[in-house]
Amino acid sequence: MGLEVKNLSYAYEKDKLVLDNISLTLEDGKCVGIIGKNGVGKTTLMKCIISLLKANRDTIFLDGKDITLMKAKDRAKLISYVPQSISLPDVSTFDAVLLGRLPYMKLEASQHDLEISEKIIKDLELEELAFRNVNELSGGQRQKVAIARALAQEPSLLYLDEPTSNLDLKNQIDAIKIIRRVAHEQNKLAIMNIQDINIALSYLDIVVILKDSKVLFSGRPAELTEEILKEAFGVSISIIEDQGKRIAYLNEEV
């Protein structure tokens with residue numbers, strides 16, 4: 001099914017809307033990027049969707065269920081979150097991934113929990129790191145472990161806050177490819193806040209652009225135009241075709 005946001009508004013202060021009547025429909029099996037200038041409400045939108053901020057009832061539905069009415073443990077079985085600043089305990093990679101099974105555990109991990117963790121470690125090619133301490137890994141490896149931990153929850157919705165911001169170029173691309181592959185192969189909805197327009201153009205299925213607390217654009221990257229980008233970011237951006245890919249660049253005169 002997917003995610004449906006209906007007429008969502010949110011204000012931190014009275015009469016100062018950060019989100020103004022936002023409506024969106026996003027299907028399962030897609031990798032989605034939320035982009036826009038700083039302060040337009042990208043993080044606020046996602047925090048409402050994953051219930052870190054309290055939204056009004058009847059505004060956010062995941063697989064047809066009103067998220068705002070769910071208990072926290074039930075939400076944790078549907079939604080997983082990878083923050084921008086990754087914090088992992090002083091444990092092995094395997095145990096870090098196994099922590100994603102906490103919403104399902106009782107007194108201890110079941111055989112099923114262990115099998116799920118083993119499968120995800122294999123799928124993300126982390127076998128060689130399985131028994132290494134996560135805090136001894138590189139930034140890119142830790143990012144993969146954080147994604148693996150989130151996937152161990154078996155969520156319908158995977159949200160990642162700026163998943164490429166602390167990575168070098170190769171690890172940025174690797175991380176996005178992993179997220180996209182998981183979304184496609186496991187029919188999950190993956191949503192990320194992202195700043196890099198070219199990553200959005202090249203690797204994402206859907207791009208959502210926010211401007212002035214509203215949705216300016218929601219659609220396939222191929223549908224993005226220079227005019228939309230200029231309106232969103234307030235600068236002149238050109239899009240060129242190169243070897244079958246669309247590349248955006250900032251015009252020098254700006």
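The lining of the largest pocket comprises seven nonpolar, three polar and one charged residues, where Ala, Val, Leu, Ile, Met, Phe, Trp, Tyr, Cys and Pro count as nonpolar, Asp, Glu, Lys and Arg as charged, and the others, Gly among them, as polar. The model is predicted: local features need pLDDT of at least 70, side-chain atom pairs count only at pLDDT 80 or more, and totals for chains, interfaces and linings use all residues. Residues are numbered from 1 along each chain as its sequence is written, and side-chain values use heavy atoms, with hydrogens and water left out.

A pocket is an open set of points on a 1 Å grid over the protein atoms alone, where a 1.4 Å probe fits, with protein on both sides within 12 Å along at least five of seven lines; lining residues have an atom within 4 Å of a point. The volume of the largest pocket is about 230 Å³, taken as the space filled by probe spheres set on the points, which are joined across faces, edges and corners. Among the lining residues are Ile50, Ser51, Arg75, Tyr81, Pro103 and Gln153. Helix H2 (72-76) and strand E6 (79-82) each supply at least two lining residues; helices (H or I, at least four residues) and strands (E, at least two) are DSSP runs, numbered from the N terminus.

Ser51, with a positive phi near 70 degrees, follows helix H1. Helix H1 (residues 42-49) is largely enclosed by the rest of the structure, because six of its eight residues are buried, that is, under 20% relative accessible area with a 1.4 Å probe, protein chains only. The buried set is Lys42, Thr44, Leu45, Met46, Cys48 and Ile49.

Two nonpolar cores are tabulated below; such a core is a set of buried Ala, Val, Leu, Ile, Met, Phe, Trp, Tyr and Cys residues joined through side-chain atoms within 4.5 Å.

| Core | Size | Residues, including |
|---|---|---|
| Largest | 54 residues | Leu124, Val145, Leu224 |
| Second, separate | 31 residues | Ile34, Ile50, Leu189 |

Leu224 touches Leu201, Val207, Ile209, Phe217, Leu229, Ile239 and Arg246, not counting residues up to four places away in sequence; contact means heavy atoms within 4.5 Å.

Strands E11 (residues 237-242) and E12 (residues 245-250) run antiparallel and are joined by six bridges; strands pair if DSSP finds at least two bridges between them. Ile240 is opposite Ile247 of E12. Two residues separate the strands of this hairpin, in which Gln243 has a positive phi near 55 degrees.

Technical notes:
Buried < 20%, exposed > 50% of the residue type's maximum accessible area, 1.4 Å probe, protein only.
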